[in-house]
2 protein chains.
Amino acid sequence: MLPKFDILTNEEVNKIHENTMRILSEIGVEFEFEPAVEVLKKNGQKVDGNRVYFDRDFIEEMIEKAPSQFILHARNPENNLVVGDDSIIFMPGYGAPFIHTVDGERRDATMDDYNKIVKLAGASKNFQMTGGNVVEPTDIPDEIRHLEMSYSHIINSDKCYMGSSTGYERAMDTIKIAGILHGGMDVIKEKPALVCLINSLTPLKYDQRMLGALMAYAETGQAMVIASLVMAGSTGPATMAGALSLQNAEVLAGIVLAQCISPGTPVIYGSTSAITDMSSGALSIGNPEGSLFTSASAQLARFYGVPCRGGGGLTDAKITDGQAGYESMMVLLTTSLTGVHFVMHAAGILQYFMAMSYEKLMMDDEIAGMILRYLKGFDMSSDEKMAFDVIKKVGPGGHFLTQKHTRKNFKEEFFMPALSNRGAFDTWHDEKIEINQAAEKKWQKVLENYKAPELDANVKAKIEQFIEKRKSELI
Amino acid sequence: MLPKFDILTNEEVNKIHENTMRILSEIGVEFEFEPAVEVLKKNGQKVDGNRVYFDRDFIEEMIEKAPSQFILHARNPENNLVVGDDSIIFMPGYGAPFIHTVDGERRDATMDDYNKIVKLAGASKNFQMTGGNVVEPTDIPDEIRHLEMSYSHIINSDKCYMGSSTGYERAMDTIKIAGILHGGMDVIKEKPALVCLINSLTPLKYDQRMLGALMAYAETGQAMVIASLVMAGSTGPATMAGALSLQNAEVLAGIVLAQCISPGTPVIYGSTSAITDMSSGALSIGNPEGSLFTSASAQLARFYGVPCRGGGGLTDAKITDGQAGYESMMVLLTTSLTGVHFVMHAAGILQYFMAMSYEKLMMDDEIAGMILRYLKGFDMSSDEKMAFDVIKKVGPGGHFLTQKHTRKNFKEEFFMPALSNRGAFDTWHDEKIEINQAAEKKWQKVLENYKAPELDANVKAKIEQFIEKRKSELI
């Protein structure tokens, strides 16, 4: 693995930290959920209504309790994941309500899309998780969506996946399902199997729904991403350093709360901060500023000793074109080089989180593979790899194509593209297929050939039973 | 500016260096040009026919003489460039014989294309040079192409540009033209105005044409890129470490020769090494391996204390699609983060150097702008930038859009895209324009509005006179 790229100096990290401590102690954060305020009050923090003013020593003490890495457990132990250290975990996008089609049309996402995307993530060697909320399945009633989504991840793959964070009750439903899958709530308390996404409400607030979920995950020993999406220029200041400080304050406040509820709770420092397109007021995510927020966040998370979530294959494009390509590569590459561990939205996203695209998912799969190859760097571990002997043998003006050394090494050394076209012009010109079209053929073929890993019939029945019971209670 | 990203450990740099020294001393390099062999022989190197075996102390001594940075002079002194240190210089592609059109057709490049591309580079704030050989103008006889190309750069822009490297005589023609432009050969001897591209003939050779040009530039005090393109798997070993060592040997051999001819000659360590697509035997440039070669080369150049050339907006795609986007961003971003100074092929390239595309040129201009913004990092130089006061003023749940602080800062902090579409789906859907089409409109508009900077009539007449004379001698 390559070393991690630090974009900030130590002095800059300290500046952000100091600014953050002032924000947390002098301005404070509002928690719109009484039990959360109570927890912080009991821990000696100054409270005024919903607003909590944090003590800086206390913040540092609580952050200290969060683990620097942890293992997330899959139903297939081969798919267990280290979160932190040198790991990097890619998964599809999260929460998009729309599907953009190959020809630039838009439609509502459905449960059928959800299942397909989970399968595509399950099939990919570049995605280590199937994600969570891979689209909003709008044909399923909101009240029971979380149940269907958990079921989809479990039935279609045996990789790790994410649970619900839409309030305490739904969060607990998905945790209980994970409990059944893994053999009991006590099992997953020791071996966390679920992770959720807790978002702050920028600037400087947390809402009831998210705080409920945070408490459910903390109580049961499950993991959570605690993330802030500052839109610099609208929900946050238009200076990058100011927006980063605001994000940092929100994330630290959430981490402190989680550690108060249950010290040692596995948390992931999350950043989705981005800029506002000042001409429209809309969010813009496929840009250098978002890349900088992500890169700096990776470094802040290292400073605080917790794993980091950020970035993804992010773009503002509406279709899988050149813009989608360069924006997604920029964000995912800077994400990966700077040491982010947990990458939601690594694939499929179009139009600033609003849409999922099958073609984009396939293109981002290729991008992820390329980045993973780059991260491996150079292998200089043997004379064979240094190749002096074969260079001497071939000599000036010779050729390596027919050498045994070449045949022996190229497959291990070279990334093999699954989608990119490396052919000559004439061959390409016969059909003039752009990668958007090639990607459509690709995902259709992957789905055709995908076979979901088997699930124990007994476990399956228990999960279905639980889900049916909850459905009847919720609708 | 962000710090430079080192992908190799010091130990790895030393391993490559040691391997390289063994190649140069034990295997040697062939120079197909008697005067070059003579120079090296006179300097005490062991010679056998055309093959030169280098002494490692001598190599290190000669490399020591090369400057770590130098200034390249433009006819407009505002466009003078530092080559080395923290600078990064982007320019269009070099040497493509074909133009790929917006709709995926191919045609031979012409002098008209050449002029247009120089103008587009002249108009861009992201390209610091107009390049050299921006396409092969196939409608101009080979014998006089170098004259027409130099003239195009001079007449259409006042930025720095590159001269010919196709043999001693043509190289000298373009140097003499630069001499007239800058007021005399003695002027440019002190203040280098021209840079050329010297390529090795991998493995471990230099041909007569390139060596002739190398000698012309070294004799006249002009700058040169000394570059190697190892195709790992065909012209070089299939191990990355082996190919990098081979490249390093070739480049160092060229640098040593240039320093023997004229100590202190400004040289740029050049890498274009890439892999062979093993299914076809063709070159592949838009990939993680090429990015790794470039990144490692930047670090080797730092180790040797010379500026670096590498990378670009490189792709194997045939049209400006998603693949062109992600491949070009990957290579140009890794090029830029790791500290390459001189980036030929930063824009316009399609199909592994075979084609130039106007649309791709515009897309790469946007990519270059995004990267330059990323490289600027965070500004934490003032309380204003840290934004504590405005965060306090707005408070939890407030909004920054209407704050004076926002209006004052966003233009300086945010990159303003020239091409990328950040709009909503509905607006985009009216025309469904992909970035390939948007780029076509863009370059047409830039050309319509472009006004070349004025050139002194007297100087212009002298240059035209020289060119006419040379044409009559050459055809």
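Where in chain A is the place of A:Asp6? A:Asp6 is found in the segment before α1 (10-27) of chain A; helices (H or I, at least four residues) and strands (E, at least two) are DSSP runs, numbered from the N terminus. The model is predicted, so that local features need pLDDT of at least 70 and side-chain atom pairs count only at pLDDT 80 or more, whereas totals for chains, interfaces and linings use all residues. Residues are numbered from 1 along each chain as its sequence is written, chains are lettered from A and ligands numbered from 1 in the order in which they are written, and side-chain values use heavy atoms, with hydrogens and water left out.

With a relative accessible area of 35%, A:Asp6 is partly exposed; buried means under 20% relative accessible area, exposed over 50%, and partly exposed in between (1.4 Å probe, protein chains only). Between A:Asp6 and A:Ala298 there are 292 residues in sequence, yet 8.5 Å in space, C-alpha to C-alpha. Not counting residues up to four places away in sequence, A:Asp6 touches A:Gln299, A:Arg302 and B:Pro3, where contact means heavy atoms within 4.5 Å. The side chains of A:Asp6 and A:Arg302 are joined by a polar contact of 2.7 Å. A polar contact is a pair of N or O atoms within 3.5 Å; within protein, one must be able to donate a hydrogen and the other to accept it, and residues adjacent in sequence count only if both atoms are side-chain atoms.

In chain B, helix α3 (residues 56-64) has the buried residues B:Phe58, B:Ile59, B:Met62 and B:Ile63. Seen down the axis of α3(B), these buried residues fall within an arc of 130°, so they line one face of the helix; the arc is that of the directions from the helix axis to the C-beta atoms. The face turned away from the buried side of α3(B) carries the exposed residues B:Asp57 and B:Glu64. Among the elements that cover the buried residues of α3(B) are α1 (10-27), α9 (240-261) and α10 (288-304) of chain B. The N-terminal end of α3(B) is capped by B:Asp55, with a side-chain oxygen 3.3 Å from the backbone nitrogen of B:Asp57.

Helix α1 of chain B also holds B:Thr20, which is buried with a relative accessible area of 0%. Leaving aside neighbours within four places in sequence, B:Thr20 is in contact with B:Ser245, B:Asn248, B:Ala249 and B:Leu252.

A further pair of helices is α4 (residues 111-123) and α17 (residues 435-449) of chain B, whose axes come within 10 Å and cross at roughly 85°. That makes α4(B) roughly perpendicular to α17(B), a term for angles of 65 to 115 degrees. Axes are lines fitted to C-alpha atoms, for helices over the stretch in contact, and angles run from 0 to 180 degrees between N-to-C directions. B:Lys116, B:Lys119, B:Leu120 and B:Ala123 of α4(B) meet B:Trp443, B:Val446 and B:Leu447 of α17(B).

Backbone geometry is the last topic. The peptide bond from B:Thr202 to B:Pro203 is cis, with omega near 0°, and B:Pro203 lies in the loop between β10 (194-199) and β11 (205-206) of chain B. B:Leu204 is in the loop between β10 and β11 of chain B, and its phi is near 60°, a positive value in a residue other than glycine. B:Leu204 is buried, with a relative accessible area of 0%.

Terms used: Parallel < 35°, antiparallel > 145°, perpendicular 65-115°, else oblique.
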